Amino acid sequence: HGHRGSKHELLGIGSGLWRAGMNVLLFDFRGRGASANSICSLAYHEVADLLGAVHYAAERRPDATIGVIGYSMGAAVSLLAAAIEPRITRVVADSSFAVMRDVVTHAVNRRRLPSRAVVAIADRVTSHRYGYRFDSVRPVAVIAQLAPRPVMLIHGTRDAMIPVEHAYHLYN
């Protein structure tokens with residue numbers, strides 16, 4: 001699911017996959033939905049959540065082929081986790097960002113704030129408070145590691161949160 005979302009948003013696609021004969025595991029990232037209250041990040045800490053879900057699925061069904069579907073932040077998490085976890089054999093990434101710093105800068109620019117200063121301050125605050133820097137969340141830097149596993153990128157040209165250029169960068 002996306003940054004401010006929860007697993008209930010995936011019931012439609014999850015039930016469709018289940019009806020098609022697949023096993024489906026829907027889960028909430030930390031601090032969202034039914035998960036325990038925790039610090040939410042923008043894809044950094046959530047990678048561990050997805051890796052935990054993959055481990056759980058592999059324990060329950062050792063013979064299963066594991067693919068992941070994510071959208072928005074969940075898509076970025078899917079790409080980042082698949083670069084670490086070879087049991088993830090395929091990824092569908094719907095509206096992923098390529099570089100966290102760029103998506104934060106885009107959000108600041110939409111509010112007509114001085115992006116260089118605001119993003120620099122936000123990056124320092126994020127580092128101090130949450131333990132990571134924006135430049136450590138770059139799906140574009142790891143997507144090539146997924147080869148030869150299939151990756152499907154989906155993105156709309158009218159996405160106001162994450163410009164479609166992110167999909168082009170990931171594809172390239």
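## Pockets of the predicted model

The second largest pocket has a lining of 28 residues, and those nearest its centre are His3, Arg4, Leu42, Val104 and Ala107. Two elements, helix 4 (100–110) and helix 5 (115–130), each give two or more residues to this lining. Helix 4 is the greatest contributor to the second largest pocket, with seven residues. The space in the second largest pocket is about 800 Å³. The model is a predicted one.

In the largest pocket, 30 residues form the lining, and Asn23, Val24, Leu25, Gly67 and Val68 lie nearest the centre. Its space comes to about 950 Å³. Several elements supply at least two residues each to the lining of the largest pocket: helix 1 (11–19), helix 2 (46–60) and helix 3 (73–84), together with strand 1 (66–71) and strand 2 (88–94). Among the contributors to this lining, helix 2 gives the most, with six residues.

Which element gives the most residues to the lining of the second largest pocket? That element is helix 4, with seven residues; for the largest pocket, the corresponding element is helix 2, with six.

Notes:
Residues are numbered from 1 along each chain as its sequence is written. This is a predicted model: local features need pLDDT of at least 70, side-chain atom pairs count only at pLDDT 80 or more; totals for chains, interfaces and linings use all residues. Side-chain values use heavy atoms; hydrogens and water are left out. On a 1 Å grid over the protein atoms alone, a cavity is a set of points where a 1.4 Å probe fits but cannot get out, and a pocket is an open set with protein on both sides within 12 Å along at least five of seven lines; lining residues have an atom within 4 Å of a point. Grid points are joined across faces, edges and corners, and a volume is the space filled by probe spheres set on the points. Helices (H or I, at least four residues) and strands (E, at least two) are DSSP runs, numbered from the N terminus.
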